[in-house]
Amino acid sequence: MLQRPRRNRRSEVIRSMVSETSVSLDSLIFPLFVVDGKGIAEPIKSMPGISRLSGDLILKEIESCVKLGIRSFVLFPAVEDSLKDKVASYAMDKNNFYLRCIREIKSRFPEVCLMSDVAMDPYSSDGHDGYVEDGQIINDKTLPILAEMSVLQAEAGIDIVGPSDMMDGRVESIRDALDDAGFYNTSIMSYTAKYASAYYGPFRDALDSAPKFGDKKTYQMNPANKREALIEARLDESEGADFLMVKPALCYLDVIHLLKENSELPIAAYNVSGEYAMLKAAGEKGWINYEKAMPEMLLSITRAGADVILTYFAKEFAQLRIEKKA
Ligand code: PBG
(Lines give C-alpha, C1' and ligand atoms only; values in the text may rest on other atoms or scores of the structure.)
Protein backbone atom coordinates (compact mmCIF):
# COMPACT_ATOMS: atom_id res chain seq x y z
CA MET A 1 0.00 0.00 0.00
CA LEU A 2 1.54 3.30 -1.08
CA GLN A 3 -1.24 5.34 0.39
CA ARG A 4 -2.22 4.88 4.00
CA PRO A 5 -4.51 7.79 4.94
CA ARG A 6 -4.36 6.61 8.54
CA ARG A 7 -0.76 7.84 8.80
CA ASN A 8 -2.05 11.42 8.89
CA ARG A 9 -4.44 10.52 11.68
CA ARG A 10 -2.08 8.72 14.00
CA SER A 11 -1.44 11.43 16.58
CA GLU A 12 -3.19 14.48 17.92
CA VAL A 13 -0.40 16.77 16.68
CA ILE A 14 -0.53 15.43 13.14
CA ARG A 15 -4.32 15.47 13.08
CA SER A 16 -4.26 19.12 14.11
CA MET A 17 -1.54 19.90 11.54
CA VAL A 18 -3.64 18.58 8.65
CA SER A 19 -6.97 19.84 9.95
CA GLU A 20 -8.77 21.60 7.07
CA THR A 21 -11.36 23.55 9.04
CA SER A 22 -11.59 25.27 12.38
CA VAL A 23 -14.22 27.41 14.03
CA SER A 24 -13.04 30.87 14.97
CA LEU A 25 -14.70 32.84 17.77
CA ASP A 26 -14.41 35.85 15.45
CA SER A 27 -16.95 34.27 13.12
CA LEU A 28 -19.66 33.70 15.76
CA ILE A 29 -22.61 36.00 16.42
CA PHE A 30 -24.49 35.44 19.70
CA PRO A 31 -28.28 36.13 19.63
CA LEU A 32 -29.77 37.96 22.63
CA PHE A 33 -33.45 38.47 23.52
CA VAL A 34 -34.25 41.80 25.14
CA VAL A 35 -37.35 42.76 27.18
CA ASP A 36 -38.43 46.07 28.63
CA GLY A 37 -37.72 46.71 32.32
CA LYS A 38 -34.91 46.23 34.82
CA GLY A 39 -33.42 43.20 36.53
CA ILE A 40 -35.47 40.79 34.43
CA ALA A 41 -34.16 37.38 33.36
CA GLU A 42 -36.88 35.04 32.12
CA PRO A 43 -35.59 31.61 31.11
CA ILE A 44 -36.99 30.34 27.80
CA LYS A 45 -38.40 26.88 28.40
CA SER A 46 -37.58 25.40 25.03
CA MET A 47 -34.09 26.93 24.98
CA PRO A 48 -32.31 25.80 28.16
CA GLY A 49 -29.55 28.23 29.12
CA ILE A 50 -31.05 31.16 27.19
CA SER A 51 -33.18 33.87 28.82
CA ARG A 52 -35.03 36.99 27.87
CA LEU A 53 -33.06 39.79 29.52
CA SER A 54 -33.79 43.40 30.32
CA GLY A 55 -31.34 45.98 28.98
CA ASP A 56 -29.25 46.21 32.17
CA LEU A 57 -28.66 42.44 32.17
CA ILE A 58 -27.98 42.44 28.42
CA LEU A 59 -25.05 44.77 29.16
CA LYS A 60 -23.76 42.33 31.80
CA GLU A 61 -24.16 39.41 29.42
CA ILE A 62 -22.25 41.21 26.69
CA GLU A 63 -19.51 42.06 29.15
CA SER A 64 -19.06 38.43 30.11
CA CYS A 65 -19.16 37.30 26.46
CA VAL A 66 -16.53 39.85 25.46
CA LYS A 67 -14.24 38.47 28.19
CA LEU A 68 -14.62 35.06 26.56
CA GLY A 69 -13.81 36.40 23.10
CA ILE A 70 -17.32 36.74 21.63
CA ARG A 71 -17.54 40.19 20.07
CA SER A 72 -20.62 40.10 17.84
CA PHE A 73 -24.25 40.00 18.87
CA VAL A 74 -27.68 40.05 17.28
CA LEU A 75 -30.51 41.56 19.28
CA PHE A 76 -34.20 40.53 19.15
CA PRO A 77 -37.00 42.31 21.05
CA ALA A 78 -39.72 40.47 22.97
CA VAL A 79 -42.57 42.97 22.86
CA GLU A 80 -45.63 42.69 25.05
CA ASP A 81 -48.92 41.99 23.26
CA SER A 82 -50.58 45.29 24.20
CA LEU A 83 -47.95 47.17 22.15
CA LYS A 84 -48.47 45.15 18.98
CA ASP A 85 -50.59 46.39 16.10
CA LYS A 86 -51.11 45.92 12.37
CA VAL A 87 -48.41 48.36 11.25
CA ALA A 88 -45.75 47.59 13.89
CA SER A 89 -45.93 51.17 15.14
CA TYR A 90 -43.99 50.37 18.32
CA ALA A 91 -40.97 49.65 16.11
CA MET A 92 -41.06 53.33 15.02
CA ASP A 93 -41.21 54.71 18.56
CA LYS A 94 -37.76 56.27 18.81
CA ASN A 95 -37.72 55.66 22.51
CA ASN A 96 -38.80 52.01 22.46
CA PHE A 97 -36.79 49.65 24.65
CA TYR A 98 -35.16 47.94 21.66
CA LEU A 99 -33.64 51.14 20.25
CA ARG A 100 -32.71 52.27 23.76
CA CYS A 101 -30.91 48.99 24.32
CA ILE A 102 -29.00 49.38 21.02
CA ARG A 103 -27.91 52.86 22.09
CA GLU A 104 -26.80 51.64 25.54
CA ILE A 105 -24.85 48.71 24.11
CA LYS A 106 -23.06 50.84 21.54
CA SER A 107 -22.18 53.53 24.06
CA ARG A 108 -20.88 51.02 26.66
CA PHE A 109 -19.19 48.71 24.13
CA PRO A 110 -18.40 50.74 21.02
CA GLU A 111 -16.00 48.03 19.86
CA VAL A 112 -18.56 45.21 19.63
CA CYS A 113 -20.40 44.47 16.41
CA LEU A 114 -24.15 44.70 16.91
CA MET A 115 -26.72 43.36 14.47
CA SER A 116 -30.47 43.98 14.46
CA ASP A 117 -33.56 42.14 13.31
CA VAL A 118 -35.62 43.86 10.63
CA ALA A 119 -39.08 42.34 10.29
CA MET A 120 -42.55 43.16 11.53
CA ASP A 121 -43.33 39.98 13.47
CA PRO A 122 -42.09 40.98 16.95
CA TYR A 123 -44.32 44.10 16.77
CA SER A 124 -47.19 42.81 14.66
CA SER A 125 -50.60 41.85 16.06
CA ASP A 126 -50.83 39.42 13.12
CA GLY A 127 -47.53 37.75 14.01
CA HIS A 128 -46.37 37.99 10.40
CA ASP A 129 -43.16 39.47 9.02
CA GLY A 130 -45.09 41.65 6.58
CA TYR A 131 -48.12 43.92 6.51
CA VAL A 132 -51.38 41.95 6.43
CA GLU A 133 -54.57 42.87 4.53
CA ASP A 134 -57.50 40.46 4.11
CA GLY A 135 -55.36 37.55 5.17
CA GLN A 136 -52.63 38.33 2.63
CA ILE A 137 -49.09 39.48 3.30
CA ILE A 138 -48.71 42.62 1.18
CA ASN A 139 -45.13 42.86 -0.07
CA ASP A 140 -44.92 46.43 -1.29
CA LYS A 141 -46.70 47.97 1.69
CA THR A 142 -44.19 46.23 3.94
CA LEU A 143 -41.09 47.70 2.27
CA PRO A 144 -41.34 51.28 3.58
CA ILE A 145 -41.99 49.95 7.09
CA LEU A 146 -38.84 47.83 6.96
CA ALA A 147 -36.87 50.74 5.52
CA GLU A 148 -37.99 53.03 8.34
CA MET A 149 -37.16 50.40 10.98
CA SER A 150 -33.68 50.08 9.51
CA VAL A 151 -33.01 53.82 9.52
CA LEU A 152 -34.10 54.08 13.18
CA GLN A 153 -31.81 51.19 14.10
CA ALA A 154 -28.96 52.82 12.20
CA GLU A 155 -29.60 56.09 14.05
CA ALA A 156 -29.40 54.16 17.32
CA GLY A 157 -25.98 52.92 16.28
CA ILE A 158 -26.49 49.44 14.86
CA ASP A 159 -23.55 48.09 12.81
CA ILE A 160 -25.46 45.57 10.68
CA VAL A 161 -29.18 45.48 9.93
CA GLY A 162 -30.60 42.01 9.40
CA PRO A 163 -33.77 41.85 7.29
CA SER A 164 -35.32 38.48 8.24
CA ASP A 165 -38.69 39.05 6.55
CA MET A 166 -38.19 37.59 3.03
CA MET A 167 -40.18 40.31 1.24
CA ASP A 168 -39.10 40.84 -2.37
CA GLY A 169 -37.04 43.96 -2.96
CA ARG A 170 -36.42 44.78 0.69
CA VAL A 171 -32.65 44.92 0.48
CA GLU A 172 -32.86 47.65 -2.14
CA SER A 173 -35.50 49.61 -0.18
CA ILE A 174 -33.39 49.40 2.96
CA ARG A 175 -30.13 50.30 1.18
CA ASP A 176 -31.77 53.34 -0.45
CA ALA A 177 -33.28 54.52 2.81
CA LEU A 178 -30.03 54.06 4.74
CA ASP A 179 -28.03 55.90 2.10
CA ASP A 180 -30.58 58.74 1.89
CA ALA A 181 -30.26 59.18 5.65
CA GLY A 182 -26.47 59.20 5.41
CA PHE A 183 -25.93 55.71 6.85
CA TYR A 184 -23.90 54.43 3.94
CA ASN A 185 -21.56 52.63 6.37
CA THR A 186 -24.34 50.55 7.94
CA SER A 187 -24.14 46.99 6.59
CA ILE A 188 -26.96 44.73 5.49
CA MET A 189 -26.87 41.04 6.31
CA SER A 190 -29.73 39.70 4.29
CA TYR A 191 -31.59 36.54 5.29
CA THR A 192 -31.21 35.45 1.68
CA ALA A 193 -32.35 31.84 1.75
CA LYS A 194 -34.66 31.68 4.74
CA TYR A 195 -36.78 28.57 4.67
CA ALA A 196 -40.29 28.01 6.05
CA SER A 197 -38.92 25.77 8.77
CA ALA A 198 -40.30 23.94 11.79
CA TYR A 199 -36.96 24.60 13.50
CA TYR A 200 -37.97 28.18 14.47
CA GLY A 201 -40.45 26.90 17.10
CA PRO A 202 -38.45 27.74 20.26
CA PHE A 203 -37.60 31.25 18.93
CA ARG A 204 -41.30 31.98 18.47
CA ASP A 205 -41.82 30.85 22.10
CA ALA A 206 -39.06 33.24 23.13
CA LEU A 207 -40.69 36.22 21.41
CA ASP A 208 -44.29 35.01 21.55
CA SER A 209 -44.32 35.82 17.85
CA ALA A 210 -46.01 32.84 16.20
CA PRO A 211 -48.30 33.83 13.27
CA LYS A 212 -51.88 34.43 14.43
CA PHE A 213 -53.19 32.76 11.28
CA GLY A 214 -51.76 30.55 8.56
CA ASP A 215 -48.04 30.05 8.14
CA LYS A 216 -45.10 31.85 6.52
CA LYS A 217 -44.97 29.78 3.33
CA THR A 218 -45.92 32.62 0.96
CA TYR A 219 -42.71 34.43 1.80
CA GLN A 220 -40.23 31.99 3.36
CA MET A 221 -38.74 29.43 0.98
CA ASN A 222 -39.90 25.88 0.40
CA PRO A 223 -37.46 23.45 2.11
CA ALA A 224 -37.57 21.36 -1.06
CA ASN A 225 -35.87 24.05 -3.14
CA LYS A 226 -32.22 24.73 -3.76
CA ARG A 227 -31.93 26.46 -7.14
CA GLU A 228 -34.38 29.09 -5.93
CA ALA A 229 -31.75 30.08 -3.33
CA LEU A 230 -29.57 31.22 -6.25
CA ILE A 231 -32.32 33.56 -7.46
CA GLU A 232 -32.54 35.09 -3.98
CA ALA A 233 -28.76 35.36 -3.77
CA ARG A 234 -28.49 37.11 -7.14
CA LEU A 235 -31.21 39.59 -6.16
CA ASP A 236 -29.73 40.36 -2.75
CA GLU A 237 -26.29 40.90 -4.26
CA SER A 238 -27.62 43.22 -6.92
CA GLU A 239 -29.69 45.14 -4.34
CA GLY A 240 -26.64 45.84 -2.21
CA ALA A 241 -26.42 43.16 0.50
CA ASP A 242 -23.07 42.89 2.29
CA PHE A 243 -23.61 39.35 3.58
CA LEU A 244 -25.86 36.52 2.39
CA MET A 245 -27.43 34.29 5.01
CA VAL A 246 -28.85 30.78 4.89
CA LYS A 247 -31.32 29.80 7.58
CA PRO A 248 -31.63 27.25 9.22
CA ALA A 249 -28.11 25.86 9.02
CA LEU A 250 -28.00 22.18 9.83
CA CYS A 251 -30.63 20.83 7.44
CA TYR A 252 -29.41 23.26 4.76
CA LEU A 253 -25.67 22.64 4.62
CA ASP A 254 -25.99 22.00 0.88
CA VAL A 255 -27.52 25.46 0.41
CA ILE A 256 -24.69 27.06 2.40
CA HIS A 257 -22.23 25.29 0.13
CA LEU A 258 -24.13 26.33 -2.98
CA LEU A 259 -24.13 30.02 -2.07
CA LYS A 260 -20.48 29.86 -1.10
CA GLU A 261 -19.63 28.49 -4.54
CA ASN A 262 -21.73 31.10 -6.31
CA SER A 263 -20.99 34.34 -4.51
CA GLU A 264 -17.97 36.32 -3.49
CA LEU A 265 -19.84 37.84 -0.53
CA PRO A 266 -19.32 36.45 2.98
CA ILE A 267 -21.84 33.68 3.67
CA ALA A 268 -23.59 33.53 7.04
CA ALA A 269 -25.61 30.64 8.47
CA TYR A 270 -28.19 30.83 11.24
CA ASN A 271 -27.90 27.84 13.55
CA VAL A 272 -31.50 28.29 14.71
CA SER A 273 -33.39 27.77 17.95
CA GLY A 274 -34.73 24.31 17.04
CA GLU A 275 -31.24 23.08 16.28
CA TYR A 276 -30.12 24.37 19.66
CA ALA A 277 -33.10 22.82 21.46
CA MET A 278 -32.59 19.39 19.87
CA LEU A 279 -28.99 19.12 20.94
CA LYS A 280 -29.65 20.52 24.42
CA ALA A 281 -32.52 18.10 25.01
CA ALA A 282 -30.57 15.04 23.85
CA GLY A 283 -27.59 16.15 25.94
CA GLU A 284 -29.73 16.65 29.05
CA LYS A 285 -31.20 13.19 28.62
CA GLY A 286 -27.72 11.74 28.34
CA TRP A 287 -28.50 10.45 24.84
CA ILE A 288 -25.67 12.34 23.22
CA ASN A 289 -22.33 13.74 24.37
CA TYR A 290 -23.27 17.41 24.22
CA GLU A 291 -19.75 18.79 24.69
CA LYS A 292 -18.52 16.88 21.67
CA ALA A 293 -21.61 17.11 19.49
CA MET A 294 -21.94 20.88 19.81
CA PRO A 295 -18.50 21.84 18.44
CA GLU A 296 -18.96 19.19 15.73
CA MET A 297 -22.17 20.93 14.67
CA LEU A 298 -20.42 24.32 14.39
CA LEU A 299 -17.51 22.72 12.58
CA SER A 300 -19.83 21.13 10.01
CA ILE A 301 -21.53 24.46 9.32
CA THR A 302 -18.11 26.06 8.82
CA ARG A 303 -16.96 23.18 6.60
CA ALA A 304 -20.05 23.61 4.43
CA GLY A 305 -18.89 27.16 3.69
CA ALA A 306 -20.22 29.50 6.35
CA ASP A 307 -17.91 32.43 7.09
CA VAL A 308 -20.20 33.64 9.86
CA ILE A 309 -22.48 31.64 12.19
CA LEU A 310 -25.32 33.06 14.26
CA THR A 311 -25.59 30.58 17.10
CA TYR A 312 -27.03 30.25 20.61
CA PHE A 313 -24.04 28.00 21.35
CA ALA A 314 -21.55 30.87 20.93
CA LYS A 315 -20.96 31.62 24.60
CA GLU A 316 -20.75 27.98 25.67
CA PHE A 317 -18.48 27.19 22.76
CA ALA A 318 -16.10 29.93 23.92
CA GLN A 319 -16.28 28.67 27.52
CA LEU A 320 -15.60 25.08 26.45
CA ARG A 321 -12.64 26.15 24.39
CA ILE A 322 -11.11 27.94 27.39
CA GLU A 323 -11.72 24.91 29.65
CA LYS A 324 -10.10 22.60 27.10
CA LYS A 325 -7.03 24.82 26.92
CA ALA A 326 -6.75 25.19 30.70
C1 PBG B 1 -38.59 36.39 12.30
C2 PBG B 1 -37.40 35.60 12.73
C3 PBG B 1 -37.45 34.24 13.06
C4 PBG B 1 -36.17 33.87 13.45
C5 PBG B 1 -35.35 35.00 13.35
N6 PBG B 1 -36.14 36.07 12.89
C7 PBG B 1 -38.59 33.33 13.12
C8 PBG B 1 -39.57 33.24 12.04
O9 PBG B 1 -39.27 33.53 10.88
O10 PBG B 1 -40.70 32.88 12.36
C11 PBG B 1 -35.83 32.48 13.90
C12 PBG B 1 -34.58 32.29 14.67
C13 PBG B 1 -34.47 30.99 15.37
O14 PBG B 1 -35.32 30.07 15.25
O15 PBG B 1 -33.48 30.84 16.10
N16 PBG B 1 -38.42 37.53 11.62
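**Getting to know a few residues**

Leucine 230 sits in helix α7 (residues 227–239); helices (H or I, at least four residues) and strands (E, at least two) are DSSP runs, numbered from the N terminus. This is a predicted model, where local features need pLDDT of at least 70, side-chain atom pairs count only at pLDDT 80 or more, and totals for chains, interfaces and linings use all residues. Residues are numbered from 1 along each chain as its sequence is written, and side-chain values use heavy atoms, with hydrogens and water left out.

Q: Which residues is leucine 230 in contact with, leaving aside its neighbours within four places in sequence?
A: Contact means heavy atoms within 4.5 Å. With the neighbours within four places in sequence set aside, the contacts of leucine 230 are Leu258, Leu259 and Asn262.

Q: Is methionine 166 buried or exposed?
A: Buried means under 20% relative accessible area, exposed over 50%, and partly exposed in between (1.4 Å probe, protein chains only). Methionine 166 belongs to the loop between β8 (160–161) and α5 (170–180). Its relative accessible area is 4%, so methionine 166 is buried.

Q: What is the phi of aspartate 134?
A: Look in the loop between β6 (131–133) and β7 (136–138), where aspartate 134 is placed. Aspartate 134 counts as exposed, at 76% relative accessibility. Although aspartate 134 is not a glycine, its phi is positive, at about 45 degrees.

Q: Where does proline 248 lie, and what is the omega of the peptide bond from lysine 247?
A: Proline 248 is in the loop between β10 (243–247) and α8 (253–262). The peptide bond from lysine 247 to proline 248 is cis, and its omega is near -10 degrees.
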